[in-house]
Amino acid sequence: MEQYKQEFIEFMVESDVLKFGEFILKSGRKSPFFMNAGGYVTGTQLMKLGEYYAKAIHAHYGDDFDVLFGPAYKGIPLSVATAIAYAKLYGRDVRYCSNRKEEKDHGDAGILLGSSLKDGDRVVMIEDVTTSGKSIEETFPILQAQGDIRVVGLIVSLNRMEKGLGGEMSALDEIQKTYGFEANAIVSMQEVTAYLYNQPYHGKILIDDTLKAAIDAYYEQYGAK
């Protein structure tokens with residue numbers, strides 16, 4: 001596993017963003033783990049988070065893009081932090097763009113904030129985590145409406161590896177099949193489990209045999225094929 005992935009797993013745990021136990025998800029599923037990107041609240045956390053996104057984007061897409069698009073609302077700080085990190089790490093100034101939930105009709109009017117989009121722009125979309133792909137379903141038409149825009153791909157922080165809207169493939173695989181662009185994550189839950197299973201972290205085992213069995217059972221029921 002790449003070094004930045006190992007560091008990101010530890011970063012999620014340290015930031016109390018990735019938790020283990022029993023959680024009821026919005027979908028109603030009972031999950032043995034929970035990831036909440038809203039837990040990144042400090043300047044240092046956002047700086048590091050942007051760097052991990054930038055490293056993953058560079059690994060998957062290289063420099064083949066012009067704009068980072070973060071769907072409202074959580075995608076807004078993600079796109080800003082990542083644009084800053086990309087300039088710092090790779091010396092390339094990319095623009096950031098996000099959508100508004102409600103279109104503004106005065107001042108800086110329109111559905112977008114940040115950079116405008118123009119014909120020929122290559123866009124990488126950024127999200128925290130995608131379970132069903134519903135947010136892409138809502139925001140992809142907004143991008144298409146801006147002109148001849150090419151979405152290079154999507155990057156999320158964690159691939160939960162669960163069934164998407166269609167009930168078989170993962171949400172990321174469904175997005176790739178439906179929209180025709182790549183969908184990747186900084187890390188997958190499989191990588192998280194393999195890295196933390198029975199490994200002491202700050203003197204504590206985060207994923208022991210009992211929790212590993214719960215995770216395996218969860219994926220037996222909800223995991224994507």
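## A pocket and its lining

On a 1 Å grid over the protein atoms alone, a pocket is an open set of points where a 1.4 Å probe fits, with protein on both sides within 12 Å along at least five of seven lines. Grid points are joined across faces, edges and corners, and a volume is the space filled by probe spheres set on the points. With that in hand, welcome to this predicted model, where local features need pLDDT of at least 70, side-chain atom pairs count only at pLDDT 80 or more, and totals for chains, interfaces and linings use all residues. Residues are numbered from 1 along each chain as its sequence is written, and side-chain values use heavy atoms, with hydrogens and water left out.

The second largest pocket holds about 220 Å³ of space. Its lining (residues with an atom within 4 Å of a point) consists of 14 residues, and those nearest the centre are Met161, Met189, Gln190, Tyr219 and Ala224. Helix 6 (189–196) and helix 7 (209–222) each supply at least two lining residues; helix 7 gives the most, with four. Helices here are DSSP runs (H or I, at least four residues), as are strands (E, at least two), both numbered from the N terminus. By type, the lining has five nonpolar, five polar and four charged residues. In this scheme Ala, Val, Leu, Ile, Met, Phe, Trp, Tyr, Cys and Pro are nonpolar, Asp, Glu, Lys and Arg are charged, and the others, Gly among them, are polar.

## Aromatic pairs

Tyr219 of the pocket lining also has a ring partner. The whole structure contains 14 aromatic pairs, meaning rings of Phe, Tyr and Trp (its six-membered ring) with centres within 6.5 Å; planes under 30 degrees apart are stacked, over 60 edge-to-face, and the rest tilted. Phe33 and Tyr219 make a stacked pair, 6.1 Å centre to centre with 20° between the planes. This pair joins distant parts of the chain, as Phe33 in strand 2 (residues 30–35) and Tyr219 in helix 7 are 186 residues apart. Phe33 is buried at 0% relative accessibility, where buried means under 20% relative accessible area, exposed over 50%, and partly exposed in between (1.4 Å probe, protein chains only).

Tyr86 and Tyr90 form a tilted pair, 4.9 Å centre to centre and 50° between the planes. These two tyrosines are four residues apart in helix 3 (residues 75–90), so about one helical turn separates them. Tyr86 is buried at 0%, whereas Tyr90 is partly exposed at 29%. Elsewhere, ring pairs link Phe8, Phe11, Tyr40 and Tyr52 into a cluster.

## One face of helix 4

Which residues of helix 4 (residues 134–144) are buried? They are Ile136, Thr139, Phe140, Ile142 and Leu143. Seen down the helix axis, these buried residues fall within an arc of 160°, so they line one face of helix 4. The arc is that of the directions from the helix axis to the C-beta atoms.

## Backbone details

The peptide bond from Ala72 to Tyr73 is cis, with omega near 0°. Tyr73 sits in the loop between strand 3 (67–70) and helix 3.

Two other loop residues are worth a look. Asn198, in the loop between helix 6 and strand 9 (200–201), has a positive phi of about 55° although it is not a glycine, and is partly exposed at 36%. His202, in the loop between strand 9 and strand 10 (204–205), has a positive phi near 55° and is exposed at 68%.
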